[in-house]
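Thanks for asking me to look this over. Here are my notes, point by point, to read alongside the model.

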Amino acid sequence: MPVDKRQIQELEKAVVDGIELTGDWNRMFAQRPIFDYDTAIMDKITSLEGGESLGWCYQCAQCVGVCPVDIVGGDYGPRKIYRNVQAGVDLFTDPDLWKCTTCMNCLRVCPKNVDMIQIMPAVREEAVMDGQVPEELQQVFENTFEYGNPLGESPRKRAEWTKKASVPVPLMKDKKQADVLWFVECYPSYHPRGIDASVALARVLNLLGVDFAILGPEEKCSCDSQRLAGEKGLFEEFAEQNIRTFKKYRFNQILVTDPHALNALKKEYPKYGGKYQVVHYTTFLAPLLDKLEFKNTLSYKVTFHDPCYLGRHNGEFEAPRQILTALPGVELVEMGRCRQNSFCCGGGGGGMWLDGFMADHVAERLSERRVREAVGTGADVLAVCCPYEVSRFEDAVKSTGNEGKLIVKDIIELVVEALGD
Ligand code: SF4
Ligand code: SF4
């Protein structure tokens, strides 16, 4: 921008510390605004409960390099969102609102605690109330509301998968009490690849003699991803229903297959009066490995994808690795981005249901980037332990032309393979 000459104050001569300076060296500028913008949108965001921390950003840019959406060409990260809002972008209606997967990698490095895990749901909640939601996400909200699961499957068939288990999978309504209440969740109940993992876990629980039961049709979606995508009302309604169901039975702990359910039950349900000991299946199984007799040697080079909601959000990095390294013949190789700095599969925070929308905003899908990273390690198997990931990564293996080079398996499937049952 050209300098407004009227703002320049210039002396003919100045003497500084005994040295005479000409006008060229003593040019001063009158105070002027560095930027001038309308603060209305920023004020609206920071006045929301949860939105406050966007205003704390001081533009250090630590977050941008670790944001998976920026890495795949999404031009993203809290710093950019802050700057765009300053420049007049209305985040409540802008596509930027839906790109964040709430993976938490930016919060990990942010010196100012700018918290997208709070900001995004708060702003999205307003957008949801105004009906400003991408169509594919709206469909998922409606499915969840109507059927109790985002896939739109019959709630009555929630326990149908147990017919494939060929081991007993008792229902809580029959047993009334059990040591372990297994909260199966939606994708492990309905999605074909989720069912494969559920069947495998049911077999291992039986083998270990665990006293467990599931809720079956009484179970509702934990709704954690819908909450993060802005449907707080739906989340609250289902949390209250699930808590009412839990109250009917006696159990010591809740076992979850899904890190998103882990997050909801561990961190959110206590706000609604439901306090439980909740454990992910990898955490549950890791100390019991010496009770399992592995008969098969797998001879796999395996790389492991840390799910955002198991690792960064809930601090479990070791149990999945303990299980993998206990399997005979498995060589574990790490990807460059792993553990705290793990990449995101793109499924969190509603991203599971926004692939069509995201295709218009990124150069490649997050799952595709991750599959390329996995292939780069030379691994035969990409091991996962979140039900969103198997289908996402299997699609990405195909779309990146890596079929035949890499297979995607849930850790529990590898356990059963090693057991040889
Ligand atoms: S790391 Fe935090 S303070 Fe720095 S630019 Fe990002 S959001 Fe702003
Ligand atoms: S939470 Fe993840 S996807 Fe969202 S802005 Fe931060 S790093 Fe990017």
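How do the residues of the shell around ligand 1 divide into nonpolar, polar and charged?

1. **The shell around ligand 1.** The answer is ten nonpolar, two polar and two charged residues. Here nonpolar stands for Ala, Val, Leu, Ile, Met, Phe, Trp, Tyr, Cys and Pro, charged for Asp, Glu, Lys and Arg, and polar for the others, Gly among them. In total 14 residues surround ligand 1, and the closest are Cys57, Cys60, Cys63, Arg79 and Cys110. A residue belongs to such a shell if its C-beta atom, placed from the backbone, lies within 6 Å of the molecule.

2. **What kind of model this is.** Please keep in mind that this is a predicted model, in which local features need pLDDT of at least 70 and side-chain atom pairs count only at pLDDT 80 or more, while totals for chains, interfaces and linings use all residues. Residues are numbered from 1 along each chain as its sequence is written, and chains are lettered from A and ligands numbered from 1 in the order in which they are written.

3. **The shell around ligand 2.** This ligand has 15 residues around it, with Cys67, Cys100, Cys103, Cys106 and Met116 coming nearest. Helix H2 (68-71) and helix H4 (105-109) are the elements that give two or more residues to this shell. Helices (H or I, at least four residues) and strands (E, at least two) are DSSP runs, numbered from the N terminus. By class, the ligand 2 shell holds eleven nonpolar and four polar residues, and no charged ones.

4. **Gly77.** You will find Gly77 in the loop between H2 and helix H3 (78-86). Gly77 counts as buried because 27 other C-beta atoms lie within 10 Å. The cut-offs are 20 or more other C-beta atoms within 10 Å for buried, 12 or fewer for exposed, and partly exposed in between, with C-beta atoms placed from the backbone. Leaving aside residues up to four places away in sequence, Gly77 touches Cys63, Val64, Cys67, Asp70 and Cys106. Contact here means that the C-beta atoms, placed from the backbone, lie within 7 Å. Gly77 and Asn105 are 28 residues apart in sequence, and their C-alpha atoms are 9.9 Å apart in space.

5. **Overall layout.** The protein chain has 421 residues, of which 48% count as buried, and contains 18 helices and twelve strands. Its C-alpha trace spans about 95 × 45 × 40 Å along the principal axes. Of the contacts with a separation of 6 or more, 78% are between residues 24 or more positions apart.

6. **Domains.** The chain is divided into domain 1 (40-129), domain 2 (135-286) and domain 3 (294-419), with bounds that come from an automatic or database domain assignment. Taken over C-alpha atoms, the centres of domain 1 and domain 2 are separated by 30 Å. Their contact takes seven residues from domain 1 and six residues from domain 2. On the domain 1 side, the touching residues are four nonpolar, one polar and two charged.

7. **Parallel strands.** Strand S5 (residues 177-183) pairs with strand S7 (residues 250-256) in the parallel sense over six bridges, and Ala178 stands opposite Phe251 in S7. Pairing requires that DSSP finds at least two bridges between the strands. S7 also pairs with strand S8 (residues 278-280), again in the parallel sense, over three bridges. There, Leu255 stands opposite Val279 in S8. From S7 the chain crosses through helix H12 (residues 259-268) to S8, in a right-handed β-α-β crossover. Right-handed means that, with the strands pointing away from the viewer, the path from the first strand over the helix to the second runs clockwise.

8. **Backbone angles to look at.** Most residues other than glycine have a negative phi. Glu185, however, has a positive phi near 80°. Glu185 lies in the loop between S5 and helix H8 (186-190) and counts as buried, with 26 C-beta neighbours inside 10 Å. Arg339 is not a glycine either, yet its phi is positive at about 50°. Arg339 sits in the loop between strand S10 (330-332) and helix H15 (355-359), and is partly exposed, with 14 other C-beta atoms within 10 Å.

Terms used
Contact = placed C-beta atoms within 7 Å.
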